[in-house]
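Hi,

Here is the structure I promised to pass on, together with some notes on what turned up in it. Have a look at it first, and then read on below.

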Amino acid sequence: FQLFIGWEGVGIMSFLLIGWWYGRTDANTAALQAILYNRIGDIGFIMAMAWFLFNTNTWDLQQIFMLDPNLTNLPLLGLLLAATGKSAQFGLHPWLPSAMEGPTPVSALLHSSTMVVAGVFLLIRFHPLMENNKTIQSLTLCLGAITTLFTAICALTQNDIKKIIAFSTSSQLGLMIVTIGINQPYLAFLHICTHAFFKAMLFMCSGSIIHSLNDEQDIRKMGGLFNAMPFTTTSLIIGSLALTGIPFLTGFYSKDLIIETANTSYTNAWALLMTLIATSLTAVYSTRIIFFALLGQPRFLPLTSINENNPFLINSIKRLLIGSIFAGFFISN
Amino acid sequence: MLKIIIPTIMLMPLTWLSKKNMIWINTTTYSLLISLISLSLLNQPSNNSLNFSLMFFSDPLSAPLLVLTTWLLPLMLMASQHHLSKEPLIRKKLYITMLTMLQTFLIMTFTATELISFYILFEATLVPTLIIITRWGNQTERLNAGLYFLFYTLMGSLPLLVALISIQNLTGSLNFLLIQYWNQALPDSWSNIFLWLACMMAFMVKMPLYGLHLWLPKAHVEAPIAGSMVLAAILLKLGGYGMLRITTMLNPQTSFMAYPFLMLSLWGMIMTSSICLRQTDLKSLIAYSSVSHMALVIVAVLIQTPWSYMGATALMIAHGLTSSMLFCLANSNYERTHSRTMILARGLQTLLPLMAAWWLLASLTNLALPPSINLIGELFVVMSSFSWSNITIILMGANITITALYSLYMLITTQRGKYTHHINNIKPSFTRENALMALHMTPLLLLSLNPKIILGFTY
């Protein structure tokens, strides 16, 4: 029950924060859209709660695991629906790109690292029940695989820097769901933690770029920032490298382990193939951001106040940068 | 119980004898004091009811409703101050007298022991409400609204009178306390089916059930603010309370008689929520949302499980406070723009941020956000209907989604977006209005901390 309180609570906070600039109509519709998809997921959550109440007489996780009910298809389907809504899996995903109407720190916190992983977290918490149910595992695997491939392809065609990163988040979430589908909840949790670092940093960097270019979010109108904003450039490149799982940066410790486990486990070959393609696409769209935003000749208006002298912003990015590089190493040892 | 009824009756001479500048202060203060007395009733020591006399009693079901009723009278008085400020003194006193009379009848209804006295007072509450709606409403449609209100309810409740008299003849008494012990299963026959229908129809119309709900949007929209508040908060709950009392004697017919009403309620819940999404009139939106929430209560009462009764009582109290608060908010908009159209008063968050905060809280409780008691009521009802039949969860889930959507739609339309250009000459929020909202919200939030009180007699 307490989980439900928090679950709904973050949904509402998401609504309030996406609609922060409430004078802007797009922000309001995006906020409402977020709530709509979240609520549909919540129906799944409530259904699972109802089933648990009437079959195991409790909402207490420990008691449910001890009782170990058979035929857990219905509640696990409900939980999967909840995770789909909250973590923007395929079918309930459009709210995440629209949620980029919110301010960048909001996107950095809510929609890259913490809130969207609530769905994955829910599934991780219920993994003892999922271990015994092969149907649900296959369903999660396929759902995650479809999500990561679909959103990775979408990310290739976007022109708004925040939307690219949003789709990349969605793709990584699909990857986490795939990990749960191959019965590795601990790896999924590891990926949650490491992904938080570099995704938040990517968002903050993009925020810095957007702010210094006077609210320009289209990457076709950016370029040549390599020399103008060195610190942001560095962090952006390192973040993208970590995202793709370059060895020994943070992403490697979780992402590579996931790929290895998926390859060596007895699992659905189609889902595996989709996941591998999606992972390679990750490298593609990350490179696209770097290419358009940083390299080449400047394509923005000549009179801009490009600066990196806001200490709050720079310090936050600095800390996330250190995390992105070293956290994977520290967590897994 | 007389401790509450006699002071309420005495409020009437109080208004007639007060000086011109003291009428509001006197009545509001004394009605607040009366509500504090009724709070002591919430302390129910045992599972049986607290019996005060042969005629009045209170048990865990009626006590929270009683406290809600007495709590709302000062709020109603505070809310009416503005639109009555231009009336002559005698009419103001008449209005307050009407409200007080309504309050007396309501208190007696909720604490009545005999079903016949319950019925008489149930009908008696119609009269002051009718007078308030038709005399002090704001548009010409108020006459039509009063007509619908009166005749729908009368048509529904006349069969109830016949049924009660026949039960009195058969069993010798209609006292609640005795009926608990007298209870035998009704034999299955045609006349008993009609008896069941006769008993329930009055409350179905009052609740209202989806097919019989036409009076509600008219009455709520045309009534002045105090009328809307009391209608939404209390009078609808009279239906629920009556149903909860009477279903104890109506077994076993309920198991098959309830099906058509259950289907109507489940479907009606979704239909009225969907209508809310397309409303342009703010009060009408809140009225339809009331129908939707009450449909949940009907479903809960007809399923007849301990959890569903808990959910029904919690939802009644929660909805009373929330709807009343939403009507007060809508009234604050109406007093400024003199129109109920939503889009005429948008972008209010820029100008009146504190009021926007109250709007936010009211909308959040309307869509049943945890851990408010609205959620507890809805959750219990959803759980019990899931046990009754697994498929109902789809309809309930759809209702929850649409409720969230229209509540936030209401919030966004009135608060957010660019403000209108004619908005810069509205008056800022009065302290009285802020106090009203706070007094609505505080019990709601406090009850979230300890909902045991409102969970009714099956806790």
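Let me start with one residue in chain B. Leaving aside residues up to four places away in sequence, Thr97(B) touches Met12(B), Thr15(B) and Trp16(B). Thr97(B) sits in helix α4 of chain B, which covers residues 89-110. With a relative accessibility of 9%, Thr97(B) counts as buried. Please keep in mind throughout that this is a predicted model.

Now chain B as a whole. Its secondary structure comes to 19 helices and two strands. The chain has 459 residues, of which 63% count as buried. Among contacts in chain B with a separation of 6 or more, 83% are between residues 24 or more positions apart. Chain B exposes about 16,700 Å², and carbon and sulfur atoms supply 69% of that area.

Two helix pairs in chain B may interest you. Two packed helices are described by the angle between their axes and the distance between the axes.

- Helix α7 (residues 142-171) and helix α9 (residues 190-206) of chain B have axes that come within 7 Å and cross at roughly 145 degrees. The crossing of α7(B) and α9(B) is left-handed. On the α7(B) side the residues that meet α9(B) include Tyr152(B), Gly156(B), Pro159(B), Leu160(B) and Ile167(B). Those of α9(B) include Leu195(B), Cys199(B), Met201(B), Phe203(B) and Lys206(B).
- The axes of α14(B) and helix α16 (residues 353-366) of chain B come within 10 Å, and they cross at roughly 145 degrees. The crossing of α14(B) and α16(B) is left-handed. Among the residues of α14(B) that take part are Thr322(B), Met325(B), Leu329(B) and Asn333(B). They belong to a set that meets residues of α16(B), including Met355(B), Trp358(B), Trp359(B) and Asn366(B).

Next, the charged pairs. Side chains of opposite charge can pair when their charged atoms come close. How many salt bridges are there over all chains? The count comes to four, and here are some of them.

In chain B, Glu433(B) forms a salt bridge with Arg336(B), and the closest N and O atoms are 3.1 Å apart. Glu433(B) lies in helix α19 (residues 431-449) of chain B and Arg336(B) in helix α14 (residues 306-337) of chain B, so this pair ties together parts that are 97 residues apart in sequence. Are these two partners buried or exposed? Glu433(B) counts as buried because its relative accessibility is 3%. Arg336(B), at 17%, counts as buried too.

In chain A, Arg39(A) forms a salt bridge with Asp42(A), with 3.9 Å between the closest N and O atoms. The two are three residues apart in helix α2 (residues 25-56) of chain A, so about one helical turn separates Arg39(A) from Asp42(A). Both Arg39(A) and Asp42(A) are buried. Asp160(A) forms a salt bridge with Lys163(A), and here the closest N and O atoms are 3.9 Å apart. Lys163(A) is partly exposed, at a relative accessible area of 22%.

Finally, the surface of chain A. Ile322(A), Phe326(A), Phe329(A) and Phe330(A) form a nonpolar patch there, with about 440 Å² of accessible area together. Phe326(A) belongs to helix α16 (residues 311-331) of chain A. Its relative accessible area is 43%, so Phe326(A) is partly exposed.

Best wishes

How values were computed: Residues are numbered from 1 along each chain as its sequence is written. Chains are lettered from A and ligands numbered from 1 in the order in which they are written. This is a predicted model: local features need pLDDT of at least 70, side-chain atom pairs count only at pLDDT 80 or more; totals for chains, interfaces and linings use all residues. Side-chain values use heavy atoms; hydrogens and water are left out. Patches are made of residues with over 30% relative accessible area and no salt bridge: like charges are joined within 9 Å, nonpolar side chains (Val, Leu, Ile, Met, Phe, Trp, Tyr) within 5 Å. Accessible areas come from the Shrake-Rupley method with a 1.4 Å probe; for residues, only the protein chains shown count as cover. A salt bridge is a side-chain nitrogen of Lys or Arg within 4 Å of a carboxyl oxygen of Asp or Glu. Helices (H or I, at least four residues) and strands (E, at least two) are DSSP runs, numbered from the N terminus. Buried means under 20% relative accessible area, exposed over 50%, partly exposed in between (1.4 Å probe, protein chains only). Axes are lines fitted to C-alpha atoms, for helices over the stretch in contact, and angles run from 0 to 180 degrees between N-to-C directions. A crossing is left-handed if the near helix is turned anticlockwise from the far one by less than a right angle, and right-handed if clockwise. Contact means heavy atoms within 4.5 Å.
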